[in-house]
Amino acid sequence: MKKIKTPLDGKQITKLKAGNTVLLTGIIYTARDQAHKRLVRAINQKKKLPLDLKGQVFYYCGPTITPKGEPIGSCGPTTSSRMDIFSPAILRIGLKAMIGKGRRSEEVIEACKRYEAVYFLTYAGCAALLSQYVMAKRLIAYGDLGPEAIYELKVRDFPLIVGIDSHGKDIYERRCR
Amino acid sequence: MRWMKSEQIKEIVARLCIEANIRLREDILKALNFAYNQEKNLRAKRILEAIIENAKVSREKNLAICQDTGFPTVYMDIGQKIKIEGDLKRAVNKGVELGYREGFLRNSIVSDPLKRNKPGWKPAIIHIDLVRGDKIKITVLPKGFGCENKTRLKMFNPTASQREIKDFILETVKIAGPDACPPYVVGIGIGGTADYACLLAKKALLKKIKNHPDTEGVGTKIKTTNQNSKIYKLEKELLSEINKLNIGPMGLGGRTSALAVNIETYPTHIAGLPIAVNLSCHALRMATRVL
Ligand code: SF4
């Protein structure tokens, strides 16, 4: 079991191998379909982004409504492959890790290699359990998207499995391709 | 004639939305525990443990089992002797919104599928059936879209072999692979028309699944309640074939790729054989009440 802290740098990333179990502490940002679409549009139009992505981690997640007195509601991963068409552009400008569930495209694997980035899996369909590792939640951008907005989450020992490492090794290779 | 106020139905629907999203179905929980005990792959075991733990946390803390609280789908079997006061569909939609708001459940429904505006809670998908008697049965199935996206329909030739049909179903499970939160419950609709087969496939998910410890292998030990023995045999065979695919929990391998296969059938036309497959993730949530 490896422990890592955000922001992530190349040194931490290159040590991770597909299949490793990891506990992550620090800041991660939720982003899913519509947020990705907007970010990539902004990148293409050379507009300023609502957050600096260097060394950061995206979590493909749209949490439930936060219950009163809790830091966050249920917050498990959504299907990562829907983000495949956007991820290379976002990794290119410095994002270091993605958290989600399921397989990724060849292009994403290639981009992980090229930009020294990593794709993590987390317990799929275990949203109530995962909420227990989140200390705080704060809106960062695109509030009009509701659950699809970008939120900053402060997490402690968030459980992960390395799905694709920065050497291009994929945990699903052979198994499901 | 029995009178019922739509206001009362609104309240019940609200409670059912919360109950379904927070308390995992007993039969699913049993099947998960059973799979946990059978599983030999250590990582698969650890993931199953997390899934079972998740159901416990959600129950204790009143948190949604999954952040995707689904597209609320409401099935109503209404006795012909019941007269409902007020606008029934409106009451159901209001009930859904009330329950989802009170339960802190996610607003996942965009009113314009192309413009994709800010999501809300309504409308629900509502299926109404008229039945005999003076009772009303309401079932809420909040189906997540990770697995809904993997739904497939094929219009087979009436002369298709059972092998061809099985291969289509196995292929559907393989395409979903690790992406839609396995272990799955596989709902299959056979017969009817294109649209009706899809409805049957989803309705198959409403049926209870059962542990059945006297047969072989993890999948095959979970028996469905289908009375038709030919269909039961097909369910069993499919389940054991699916559990040989080595997809496993989170798609990381293991013998637990599906918890159950449920089939619903309906008469069909001489010229065709519609087969629909609706996969459910392990978070198969549902709540029912009879009034
Ligand atoms: S497929 Fe099911 S368990 Fe997985 S994220 Fe969607 S609703 Fe949740």
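Predicted model: local features only at pLDDT ≥ 70, side-chain atom pairs only at ≥ 80, totals over all residues.
Residues are numbered from 1 along each chain as its sequence is written, chains are lettered from A and ligands numbered from 1 in the order in which they are written, and side-chain values use heavy atoms, with hydrogens and water left out.

The interface draws 40 residues from chain B and 44 residues from chain A into contact, contact meaning heavy atoms within 4.5 Å. The size of an interface is often given as the accessible area lost when the parts come together. Between chain B and chain A the buried area is about 3,200 Å², with 59% of it given by carbon and sulfur atoms; this is the accessible area (1.4 Å probe) that two parts lose on being put together, summed over both. Of the area that chain B buries against chain A, 22% comes from B:Gln67, B:Phe104 and B:Met250, more than from any other three residues.

One salt bridge is found across the interface of chain B and chain A, a salt bridge being a side-chain nitrogen of Lys or Arg within 4 Å of a carboxyl oxygen of Asp or Glu. The partners are A:Arg103 and B:Asp179, whose closest N and O atoms are 3.0 Å apart. On the side of chain B that touches chain A, helix 3 (42–61) and helix 6 (162–176) of chain B each supply at least two residues; helices (H or I, at least four residues) and strands (E, at least two) are DSSP runs, numbered from the N terminus. Helix 3 of chain B gives the most to this side, with ten residues. The residues of this side of chain B comprise 19 nonpolar, twelve polar and nine charged, where Ala, Val, Leu, Ile, Met, Phe, Trp, Tyr, Cys and Pro count as nonpolar, Asp, Glu, Lys and Arg as charged, and the others, Gly among them, as polar.

Chain B contains an open sheet of four strands in the order 4-2-5-12, with mixed pairing; two strands pair if DSSP finds at least two bridges between them. Strand 4 (125–131) and strand 12 (287–290) of chain B are at the edges, each with a single partner strand, so one side of each has no neighbour in the sheet. The twist averages 10° from one strand to the next. Strand 2 (residues 71–79) and strand 5 (residues 136–143) of chain B pair in the antiparallel sense over eight bridges, and B:Thr73 has B:Leu141 in strand 5 as its bridge partner. Helix 1 (residues 6–22) of chain B lies across strand 2, strand 5 and strand 12, at about 40° to strand 5; axes are lines fitted to C-alpha atoms, for helices over the stretch in contact, and angles run from 0 to 180 degrees between N-to-C directions. Helix 7 (residues 194–204) of chain B lies across strand 2, strand 4 and strand 5, at about 95° to strand 2.

Another open sheet of four strands in chain B has the order 6-11-7-10, also with mixed pairing. Its edges are strand 6 (152–156) and strand 10 (258–268) of chain B, each with a single partner strand, so one side of each is left without a neighbour in the sheet. Here the twist averages 15° from one strand to the next. Strand 6 and strand 11 (residues 273–280) of chain B run antiparallel and are joined by five bridges, with B:Phe156 opposite B:Leu273 in strand 11. Helix 7 of chain B packs on this sheet, touching strand 6, strand 7, strand 10 and strand 11, and its direction makes about 145° with that of strand 7.

Most residues other than glycine have a negative phi, and most peptide bonds are trans. In chain B, the peptide bond from B:Lys122 to B:Pro123 is cis, with omega near -10°, and the bond from B:Pro182 to B:Pro183 is cis, with omega near 5°.
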